[in-house]
Amino acid sequence: MELSNKIKKKFKELFNEEPLIVRSPGRVNLIGEHTDYNYGFVLPAAIDMAVYFGISSRSDKLCTLFASDMNESYEFSLDKLLYSDRVWPNYLIGIVDQLIKRGYKLSGFNCVFGGNIPIGAGLSSSAAIEAGLAFALNHLFNLGIDKLELVKISQKAENEFVGVNCGIMDQYINLYGEDSKALRIDCRSLEHEYFPFDYKNISIVLFNSNVSHSLASSEYNQRRKECSIGVDIIKREVHEVESLRDVSAGLLNEFQNKIDPTIYRRCKYVIEENTRLLKACDALKIHDLNTFGSLMYQTHKGLSNDYEVSCKELDYLVDLTLNIPKVYGARMMGGGFGGCTINLIENEAIDEVSKYVTENYKNKFNLQANTYITKISGGTNIISIKENATA
Ligand code: GLA
């Protein structure tokens, strides 16, 4: 059964009415990693793995949540928003918290959600849950919130309620994604540009390392801190610098002796990554996937050696593809320390490459890597409107 129908069926079973159905996708990031919180550029795309929400309003203040993949429910009242000691409810309560803090009027609601974005794989299942609910509530209660504000609300929910200090990329692409297009986001101006990414003979293939190191969130916050230490040192002398976006490679060089070598490497990576991303977009404009792919490999090197957010499993998954001509590019994707690598592979070679990579990976780490062939899809949208709801 289609996932959306499964959610609808469960919703009717639990609440005996027809829900509004919203689809909220996961994402890949083609290039531009750890640049969003440094006010640089990213190039993500929404994909065909998604979370589906069935939702309807209630006349009281109760919010009833049901996570169908876990078969767990959770209830809370709009009058009293508390942190849950379970992880998943906080993504949703955090959205309600943000809406209330911003003065939006809500009533209670019933919500069933579930989907096929693998959790912990770096495909932003959390942003899909947050932005999906924000979008659904906006529609359900006619709140009139524009998309960019929904993005900010969703990011803030994750920062404040879930306690992860993420940048804006995941929530942004979740809401702005379009079919067959990657989105270049300028994380400083919050403007964007679409880049067609639709190749008949090439697919975006993910290899899930199936490792998630406990280091991930503490090291993520540490990298943010290291970048801002670098910025502060430069800012002392060059006052107009507010983020690494304002620092050129040349300017950073002038400060090499004044900056701790580790911090220097972090800053260098971010500055180079922004330059790489702009080159990658130029390559996309002329459909030069060879150049695009080699920039992805360079990104991986930078993430592994200078930014130090990779791990031996991800390095190995990337290394395995290095000498296969039908693989254009590969790199670790997302926050790091586990999750997936993203690969551009010629369709006719996918089976063979996947077999080669997963077998070698299994032999080396005794771990199974999953292969996902993704399609770039649209952002969060309504797929079926409750009969008596306003569109
Ligand atoms: C995570 C965060 C994003 C971004 C990436 C790294 O996915 O949620 O905001 O910082 O890591 O590029």
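This is a predicted model: local features need pLDDT of at least 70, side-chain atom pairs count only at pLDDT 80 or more; totals for chains, interfaces and linings use all residues.
Biologist: How many residues does the contact take from domain 2?
Modeller: Contact counts heavy atoms within 4.5 Å. Domain 1 gives 34 residues. From domain 2 the number is 43.

Biologist: From which domains does the shell around the ligand draw at least three residues?
Modeller: The shell includes Arg 27, Asp 36 and Tyr 220. At least three residues come from each of domain 1 and domain 2.

Biologist: How many residues of the shell are charged?
Modeller: Arg 27, Glu 33, Asp 36 and Asp 170 are among the residues around the ligand. Arg, Asp and Glu count as charged. The shell holds 4 nonpolar and 4 polar residues, and the charged ones number 4.

Biologist: Which residue has a backbone N or O atom 3.4 Å from an oxygen atom of the ligand?
Modeller: Asp 36 uses its side chain, at 2.5 Å. Tyr 220 also uses a polar side-chain atom, at 2.5 Å. The backbone atom belongs to Gly 335.

Biologist: What percentage of the ligand's accessible area does the protein cover?
Modeller: On its own, the ligand has 300 Å² of accessible area. Its space is the largest pocket. The protein covers 91%.

Terms used: Residues are numbered from 1 along each chain as its sequence is written. Side-chain values use heavy atoms; hydrogens and water are left out. A residue is near a molecule or strand if one of its heavy atoms lies within 4 Å of it. A polar contact is a pair of N or O atoms within 3.5 Å; within protein, one must be able to donate a hydrogen and the other to accept it, and residues adjacent in sequence count only if both atoms are side-chain atoms. Accessible areas come from the Shrake-Rupley method with a 1.4 Å probe; for residues, only the protein chains shown count as cover. On a 1 Å grid over the protein atoms alone, a cavity is a set of points where a 1.4 Å probe fits but cannot get out, and a pocket is an open set with protein on both sides within 12 Å along at least five of seven lines; lining residues have an atom within 4 Å of a point. A molecule sits in a cavity or pocket if more than half of its atoms lie within 2 Å of its grid points. Domain bounds come from an automatic or database domain assignment.
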